[in-house]
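Please examine the structure shown below with some care.

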Amino acid sequence: MSWIFLLIAGIFEIAWPVGLKLAQNDAHRIGGLALAVIGMALSGYFLYLAQKGIPIGTSYAVWTGIGAAGTFLVGIAAFGDQLNLMRSLGVFLIIGGVITLKAAH
């Protein structure tokens, strides 16, 4: 169950930078900030639950990896962020590290 909590925490980790990005638009400021705060709170709560069964270093690295890679993908899909070879390689390295940590656990 800890790994499921960690996956949920990682998904909510994506919500807060997306909320901050949305809040940059005056029309979405309140909703974006609300999404960011709720995302932070839920992400932290599910990380707390995950750490009951997963070592802190592993859980934190996987949590931030899910957040970083997921936010990267949302940035490309929803906000027109640039996709190029070097940025893609960086995200693949993050994903590879997360997979390695899961395999080592």
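Which residues make up the largest nonpolar core? In this predicted model, that core consists of 11 residues: Phe5, Leu6, Ala9, Phe46, Leu47, Leu49, Ala50, Ile54, Val62, Trp63 and Val98. Two or more residues each are given to this core by helix H1 (2-23), H2 and helix H3 (56-79). The largest share, 4 residues, is supplied by H2.

Apart from its neighbours within four places in sequence, Val62 is in contact with Trp3, Leu6, Val98 and Leu101.

Val62 is in turn one of the buried residues of H3; the others are Thr58, Ser59, Trp63, Gly65, Gly67, Ala69, Gly70, Phe72 and Gly75. The buried residues of this helix pack against H1, H2 and helix H4 (85-104). H3 itself has 24 residues, and the distance from its first C-alpha to its last is 32 Å, close to the 34 Å expected at 1.5 Å a residue. Just after H3 comes Gly80, which takes a positive phi of about 70 degrees.

Attention now turns to helix H2, which covers residues 29-50. When residues up to four places away in sequence are not counted, Ser43 touches Ala9, Phe12, Glu13 and Trp63.

Together with Leu20 and Leu33, Met40 makes a nonpolar surface patch of about 240 Å².

Charged side chains complete the picture. How many salt bridges are counted? The count comes to 1 salt bridge. The side chains of Arg29 and Asp26 meet in a salt bridge, with a distance of 2.8 Å from N to O. Arg29 is partly exposed because its relative accessible area is 36%, whereas Asp26, with a relative accessible area of 61%, is exposed.

Key. Residues numbered from 1 in each chain as written. Predicted model: local features only at pLDDT ≥ 70, side-chain atom pairs only at ≥ 80, totals over all residues. Heavy atoms only, no water. Patch = residues over 30% accessible without salt bridge, like charges linked within 9 Å, V, L, I, M, F, W, Y side chains within 5 Å. Areas by Shrake-Rupley, 256 points an atom, 1.4 Å probe, with all protein chains shown as cover. Salt bridge = Lys/Arg side-chain N within 4 Å of Asp/Glu carboxyl O. Core = buried A, V, L, I, M, F, W, Y, C linked by side-chain atoms within 4.5 Å. Buried < 20%, exposed > 50% of the residue type's maximum accessible area, 1.4 Å probe, protein only. Contact = heavy atoms within 4.5 Å. Expected span 1.5 Å × (residues − 1).
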